[in-house]
Amino acid sequence: MTGFFMVSGFVLFRLYSKTDFTEQGTSVLFYKNRIFSFYPLYLAVYLLYLVFFNWNTLFENLMLAPIELILLQSFFDSLFPMLHNGGTWFLSCLLFCFIVFPFLQETIKRLRKYLSSIICLLIGGSILFPFIVSGLGLGSIFSSPFMRLVEFSIGMIIAATYGGSSRGNFGIKLFMLALTYIVGVTLLNKISIFTNDYPLYNIISIPIFALSLFWADSCGPCSLDIILKSRFVTLLNKALISFYMAQIFTFPIVNGLSQNFQKHTNWINLGGALAINVLIAFVFYYGIEKPARKYLHSKYITG
């Protein structure tokens, strides 16, 4: 998820780099586009989960409904055992990032000469803060919207500071990108002392993802922009929410099937889960997300 939020911040900054959010109505248009892109599917998943996997009483459902309907799950992590869609905490964090984005965008534009110092402070803080929280026994901050906002901001600052730099040898930068991933994956595999508290791995994951974005973006003029605008990545990006939301239903289905079949391996479970998830995501994207987004866009933006 660290990489997801950093890339999201990076992509949005590039996408709206020429947009002036101080102009009247610009921020509202941005919010409409973002919310229309995922909320109809989220609402459908929420209702489907109530129908097929509900275990709370009617009173509990009514009490939890405002939190879930306006995507405040990530601010109430103690309620996760009761929430029907605890797996969608990332949408709650993402919405928080979207709300703050116009302000961050304009602030970053005005602080360009200080961005190198700011990104160092953010990376240092995102590495140190989980250790402080863990040391004080305050619980995990894995789903904290503020922690994810920091990761989102790091991606934005990388896009603003190092965007499209083509200085240096392409081969060397490509080698450095590959080396960064190899070293990062190796360290994550070797270090197991933080197994029960994933945010502590920020000491490795934050620098690795930041360096990866930097090296990938500096391989050539707007090289990462070209990759992100390719047809395959564009389609993958559009269907990403559907794919993630599908896993909420995939795991109960796979667990149920596994109990009925004695002869199965982890590879069979993984392959079956991927196939089921892709199928559900296909239905979600083409049956709900895409038509709903098209309708809302035509009615409330272009209409």
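Reader: How many helices and how many strands does the chain have?
Author: This is a predicted model, and the answers below describe that model. Read from the N terminus on, the elements run α-α-α-α-α-α-α-α-α-α-α. The count for the chain is therefore 11 helices and zero strands.

Reader: What percentage of the residues in the chain is buried?
Author: A residue counts as buried when its relative accessible area is under 20%. The chain has 303 residues, and the share of them that is buried is 43%.

Reader: What is the accessible surface of the chain, and what share of it belongs to carbon and sulfur atoms?
Author: The accessible surface of the chain comes to about 16,900 Å². Carbon and sulfur atoms account for a share of 71%.

Reader: Among contacts between residues at least 6 apart in sequence, what share joins residues at least 24 apart?
Author: Contacts here are heavy atoms within 4.5 Å. Of the contacts in the chain between residues at least 6 apart in sequence, the share that joins residues at least 24 apart is 77%.

Reader: How many disulfides does a search of the whole structure find?
Author: Cys93 is in no disulfide, and the nearest cysteine sulfur, that of Cys97, is 6.9 Å away. Seen from Cys97, the closest cysteine sulfur is in Cys93, and 6.9 Å is too far for a bond, because a disulfide needs the two sulfur atoms within 2.5 Å. The number of disulfides found in the whole structure is zero.

Reader: Are Cys93 and Cys97 buried or exposed?
Author: The relative accessible area of Cys93 is 0%. Cys97 also has 0% relative accessibility. With the cut-off at under 20%, Cys93 and Cys97 both count as buried.

Reader: How many salt bridges does a search of the whole structure find?
Author: Side chains of opposite charge can pair when their charged atoms come close. A salt bridge is counted when a side-chain nitrogen of Lys or Arg is within 4 Å of a carboxyl oxygen of Asp or Glu. The search of the whole structure finds four.

Reader: Why are Lys109 and Arg110 each about one helical turn from Glu106?
Author: Glu106 lies in helix H4 (residues 89–110). Lys109 is about one helical turn from Glu106 because the two are three residues apart in helix H4. Arg110 is also about one helical turn from Glu106, because their separation in helix H4 is four residues.

Reader: Are Glu106, Lys109 and Arg110 buried, partly exposed or exposed?
Author: Glu106 has a relative accessible area of 9%, which makes Glu106 buried. For Lys109 the value is 21%, so Lys109 is partly exposed. Arg110, at 56% relative accessibility, counts as exposed.

Reader: Which residues make the nonpolar surface patch of about 310 Å²?
Author: One member, Leu43, is in helix H2 (residues 26–52). Leu43 counts as partly exposed, at 30% relative accessibility. The patch is made by Leu43, Leu47, Leu69 and Ile70.

Reader: What is the phi of Leu71?
Author: Leu71 lies in the loop between helix H3 (58–69) and H4. At 3% relative accessibility, Leu71 counts as buried. Leu71 is not a glycine, yet its phi is positive, at about 55°.

Methods. Residues numbered from 1 in each chain as written. Predicted model: local features only at pLDDT ≥ 70, side-chain atom pairs only at ≥ 80, totals over all residues. Heavy atoms only, no water. Buried < 20%, exposed > 50% of the residue type's maximum accessible area, 1.4 Å probe, protein only. Patch = residues over 30% accessible without salt bridge, like charges linked within 9 Å, V, L, I, M, F, W, Y side chains within 5 Å. Areas by Shrake-Rupley, 256 points an atom, 1.4 Å probe, with all protein chains shown as cover.
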